[in-house]
Amino acid sequence: MADFKFLAKTALRDSRKNRGRLLLFMSSIILGITALVAINSFNYSVVKDIDRQAASTIGADLVVQRNRLPLSDEVKGLLDSIPGERASEMQLFSMSLLPEKNVSQFVQIRAIEGDFPFYGMIGTDPEDATNKFRTEPIAIVDDAMMFQFDLSVGDSIKLGYQTFEIGGRLTSGFGSNSLTASFAPTIYIDQAYLESTQLVQPGSLVNYSYFFKVPEDFDPDEWDEEHRQTLRNNSVGTQTVEEQKEDLTEAFEGLNYFLNLIALVSLLLGCIGVASSVFIYVKSKIPSIAVFRCLGMSGNQAFLIYFIQITVLGLLSVIAGVALGSSIQVLLPLVLSDFLPFDIALDISWTAIIEGFLVGLVITILFALLPLIAVRKISPLRTLRASFSDDLAGKDIWKWIIYVGIVLSIYGFLWQVTKDPLASLYFCIGLLVAFFLLYLVSKLVIWGVQRYFPRRWNYVLRQGLSNLFRPNNQTQTLLVSLGLGTAVLTTLFIIQGLLLQNVAGMDEGDQPNMILYGIEYDQMDGLLELTEEYNLPVIQRVPIVTMKIDEWKGKTKNEWLQDTTVRVRRWAANREARVTYRDTLSSEETLVQGSLAGPPAEHGDSIYISLDEGYAEGLNLEIGDEVIWNVQGTRITTYLGSLRDIEFRSLSTRFFIVFPPGVLENAPQFRVLVTKSPSPQLTGTYRSEVVKRYPNVSVIDLTTILRTVGQILDKISYVIQFMAIFCILTGLIVLISSLFLSKYQRIKESVLLRTLGASRSQIMKINATEYIILGALSAATGIILSIAGSYLLATYQMELDFKMNWWPIIIVFILVTGLTVLIGLLNSREVVNKSPLEVLRKEVG
Amino acid sequence: MQAALKVDELSKTYTSGSRSLTVLDDINISIEPGESVAIVGPSGSGKTTLLGLCAGLDKPSTGSVHLYDSMLNDLSEDERAEIRNKHVGFIFQNFQLIPTLTALENVMIPLELQGMKQAESIATDLLERVGLKDRLDHYPSQLSGGEQQRVSLARAFSNSPKILFADEPTGNLDEDTSQSVEDLIFALNQEKGTTLIIVTHDMELANKTNRIIQLKGGKVVADRKPE
């Protein structure tokens with residue numbers, strides 16, 4: 001019997017007149033694979049660079065950090081045992097004043113001591129600026145801030161009570177991301193001059209870092225491992241080069257995960273295109289297959305002929321996708337530069353190419369196999385009876401095996417990307433539900449149109465409508481592919497809109513937009529007067545006392561932390577608490593349990609405090625439990641009197657711990673003043689005046705922060721939109737190929753109608769009716785799915801207020817419907833513009 | 001002598017939902033090797049169904065079909081395909097050429113399926129024999145109806161079949177072309193000693209065979225010599 005050579009030869013011969021058409025159909029997967037390879041290549045480049053650059057991103061072999069408080073003597077003793085060189089940094093946020101410009105700016109001060117960085121360098125212009133700032137009161141100022149305020153090297157900047165000369169522009173620093181840098185630009189000074197600023201006071205938020213360059217025989221990871229428990233008990237964090245590599249890889253994985261999901265959706269959309277194309281192709285080949293079968297070809301041989309054709313074309317498409325993906329990976333760093341810790345060196349990644357090639361080929365072939373396996377069953381009897389169709393009516397176990405193969409390969413891909421089997425499962429289920437719902441809607445449409453067919457409508461409308469359910473209809477293919485594409489696109493738009501709306505809405509109405517903190521007791525009256533002079537409302541005036549938790553429920557903090565039988569949250573136990581005192585709830589709080597005003601009877605005159613519900617849960621506390629606090633050396637015993645739920649999206653001050661009045665009034669404390677400025681101009685002048693009179697007071701302009709967050713979100717939106725282009729383009733190609741296919745399905749019928757005297761406009765109207773309904777239904781179904789999905793995502797995952805902005809959705813609806821009609825009508829142009837005989841000879845003969 | 005085709009108590013019933021339709025009922029036929037037989041009858045009498053069953057394109061509801069020494073009922077679709085490839089030739093009313101293959105390639109299919117090395121030379125000879133020497137590389141759409149049927153004829157004889165089934169072979173052709181195709185069918189039948197079974201409405205064609213089997217309502221109503 002026939003060998004493979006014959007089958008390959010026949011596959012080649014049989015494809016002759018269809019290659020161009022087939023390639024167009026298969027091309028819908030090209031963009032999906034392009035996205036996949038581009039993203040993976042970029043990912044591998046980043047991972048390689050992380051390995052190369054990890055040491056220079058932390059500047060040392062080992063970094064030891066303590067937020068808000070200096071190191072304890074126990075930890076200092078441990079650090080003394082580390083050999084090699086050392087340096088340190090004190091980092092805090094404060095206001096700065098630019099005397100020449102008479103403006104102030106919230107900044108991040110990094111005060112360096114020693115030869116930091118040991119690896120890499122602080123990038124400055126002029127390059128030698130860091131040499132000078134060690135010996136003189138010189139500041140290196142963030143380049144963007146220099147540009148923003150038109151500053152020059154040699155100008156002055158006042159930090160607290162000390163004036164510095166600007167010695168250089170900071171072009172690249174350490175440990176700051178673009179979000180922090182954009183609302184609090186970095187200023188480097190030498191630690192020797194920090195004291196004279198008088199910014200470090202009790203209660204100031206200072207973060208301490210110690211950097212070590214160790215000899216080769218000293219293993220920082222081993223040291224870290226050995227002292228981990230002591231360091232954790234003292235709330236000290238560490239960072240080694242190895243950990244930095246892991247952290248950077250982990251941080252990047254989130255981004256990579258998101259990008260890969262987009263690529264997968266593009267790939268799946270493309271695969272739907274492939275499946276529908278192969279389905280129609282096989283249908284058009286049935287007469288030839290029946291002849292082959294009649295002449296003695298077995299079912300498997302016939303199947304192999306078409307399998308070879310599809311595999312070769314799939315292979316060409318995958319190769320094209322891989323080549324395109326490898327080339328366009330260079331675009332990704334341009335789009336993603338704001339989210340990357342360093343410049344990426346892009347190389348050709350053979351791993352990404354091979355992975356993309358294999359994933360693309362396997363998933364393409366699996367989707368193509370779905371319609372292709374029917375070839376095995378085509379009966380030779382069709383040569384005698386064209387109407388015979390019983391051969392394809394039966395169930396085929398292979399179809400189910402392929403379905404399982406598709407689901408497993410998608411699941412495997414997701415698992416490999418996310419490393420999370422459960423999340424991959426949820427995504428798979430979500431995808432299946434979306435597919436099923438779209439399929440269900442298409443079935444319902446077909447059933448509904450048949451069941452309630454408007455027999456009295458005019459012929460043109462009836463004909464267009466009946467195209468939805470008659471043999472060779474495109475209803476299912478288009479509804480599923482267009483619907484899924486629309487759903488992905490709309491979800492991206494809705495979530496992006498929700499994020500922006502939620503941020504934008506944060507300073508609306510009565511919400512404050514300016515916070516003054518670090519106010520000393522005797523500065524309050526003066527500040528209130530100043531605020532009144534500027535006609536600004538005093539929304540909150542809050543005293544803050546810092547304290548630490550010592551004991552609760554009869555056990556010390558260390559006993560709790562060492563107890564492996566009970567889970568106590570380390571962040572809750574170790575934090576330096578900022579506590580206020582009052583007897584009323586703020587507008588952002590709701591009482592969940594107990595009473596803020598009165599204590600439960602059985603505890604008599606003890607002190608009853610109120611805690612945030614999540615904070616109490618983190619400490620394993622319940623109403624009535626005893627808690628002992630260390631208020632700067634004095635122990636205060638309290639009882640948990642109430643639990644509150646705090647709205648964290650508000651911009652007002654929020655407190656996990658609230659004491660009753662009459663307890664902390666005499667404790668060392670500072671104050672916070674919250675106000676709302678109506679305009680940026682007023683904010684600017686008020687802020688400058690405050691900094692001039694009270695250099696230790698920091699003014700945080702929340703509007704600027706919100707604007708910065710908005711800008712960052714805009715950048716994220718840009719990335720999302722860039723990636724969504726892959727989905728849109730793939731969807732468009734699927735749309736074009738599906739409609740192109742429908743042209744072949746409908747051509748005989750349209751020609752017959754033309755022969756029987758139908759006018760051009762009648763044919764166009766019939767086609768337009770069908771495409772308007774298909775486009776509108778696909779878009780509407782996709783949009784409904786995406787609204788439901790976004791609602792679940794926003795409410796349960798992202799905890800955002802779900803407020804819809806309908807405009808983007810209406811635009812997506814009009815766009816999808818319009819494109820479907822436009823491409824559909826362009827496709828049928830030939831039928832209406834040429835003579836019926838000419839079309840028949842060309843397309844059918 | 002062993003019969004080329006033996007049909008015993010053959011019936012075919014199609015079922016659609018709760019309704020069933022018997023197309024062929026208790027057919028018994030025996031055809032000798034080299035014999036030429038015409039199956040005639042009005043539309044819907046079961047001619048094409050009988051042809052399909054005899055050629056192993058379909059399975060009977062009851063009864064049996066023996067093609068030489070093979071009992072077709074017991075064979076799978078692929079086993080029947082192998083028998084068709086080795087021993088059976090087909091000619092169809094609508095030619096059934098593969099539109100994407102040239103005339104030569106269409107004729108070569110049965111031979112290539114057998115893995116025969118000389119497929120091209122045999123196919124070329126056959127096309128020359130049916131008068132299409134200059135049309136080897138033409139596609140079906142570039143050939144007239146008569147030419148297409150001659151390609152179909154060359155293909156039908158390419159595997160030197162023991163038995164040839166023809167379904168209305170001249171049904172789509174004009175009178176002159178029909179005549180030349182009929183002449184070719186009978187000449188090749190004589191030349192190769194092939195058993196010939198023709199389903200036709202055309203009594204003139206039927207009368208050129210050795211025997212006429214007449215069907216009506218799914219039953220054999222006459223089995224006679226031509227007039």
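User: Where does A:Pro117 lie in chain A?
Analyst: In this predicted model, A:Pro117 sits in the loop between strand E3 (103-113) and strand E4 (123-125) of chain A. The peptide bond that joins A:Phe116 to A:Pro117 is cis, with omega about 0°.

User: And what joins A:Asp125 and A:Pro126?
Analyst: A cis peptide bond, with omega about 0°. A:Pro126 belongs to the loop between E4 and helix H5 (129-132) of chain A. Most peptide bonds are trans.

User: What about phi of A:Asp150?
Analyst: Phi of A:Asp150 is near 55°, a positive value in a residue other than glycine. A:Asp150 is found in the loop between helix H6 (143-148) and strand E6 (156-159) of chain A.

User: Is A:Asp150 buried or exposed?
Analyst: A:Asp150 counts as exposed, because its relative accessibility is 56%.

User: Switching to chain B, where is B:Glu9, and what is its phi?
Analyst: B:Glu9 is in strand E1 (residues 5-16) of chain B. Its phi is positive, about 45°, although B:Glu9 is not a glycine. With 53% relative accessibility, B:Glu9 counts as exposed.

User: And B:Thr49, buried or exposed?
Analyst: B:Thr49 is buried, since its relative accessible area is 5%. Its place is in helix H1 (residues 47-54) of chain B.

User: Which residues does B:Thr49 touch?
Analyst: Leaving out residues up to four places away in sequence, B:Thr49 touches A:Arg385 of chain A, together with B:Lys12, B:Tyr14, B:Val23 and B:Leu24.

User: How many helices and strands does chain B have overall?
Analyst: Chain B has 7 helices and 10 strands. Of its 227 residues, 56% count as buried. Chain B exposes about 9,400 Å², and carbon and sulfur atoms supply 45% of that area. Among contacts in chain B with a separation of 6 or more, 67% are between residues 24 or more positions apart.

User: Back to chain A: at what angle do H13 and H14 cross?
Analyst: The axes of helix H13 (residues 350-372) and helix H14 (residues 397-418) of chain A cross at roughly 155° and come within 9 Å. That angle makes H13(A) roughly antiparallel to H14(A). The crossing of the two helices is left-handed.

User: Which residues make the contact?
Analyst: H13(A) contributes residues including A:Val359, A:Ile363, A:Leu366 and A:Phe367. Among those from H14(A) are A:Ile402, A:Tyr403, A:Gly405 and A:Phe413. By class, the contact has 11 nonpolar, 3 polar and 2 charged residues.

Key: Residues numbered from 1 in each chain as written. Chains lettered and ligands numbered in written order. Predicted model: local features only at pLDDT ≥ 70, side-chain atom pairs only at ≥ 80, totals over all residues. Heavy atoms only, no water. Helix = DSSP H or I, 4+ residues; strand = E, 2+ residues; numbered from the N terminus. Buried < 20%, exposed > 50% of the residue type's maximum accessible area, 1.4 Å probe, protein only. Contact = heavy atoms within 4.5 Å. Areas by Shrake-Rupley, 256 points an atom, 1.4 Å probe, with all protein chains shown as cover. Axes fitted to C-alpha atoms, helices over the stretch in contact; angles between N-to-C directions. Parallel < 35°, antiparallel > 145°, perpendicular 65-115°, else oblique. Left-handed = near helix turned anticlockwise from the far one by under 90°. Nonpolar A, V, L, I, M, F, W, Y, C, P; charged D, E, K, R; others polar.
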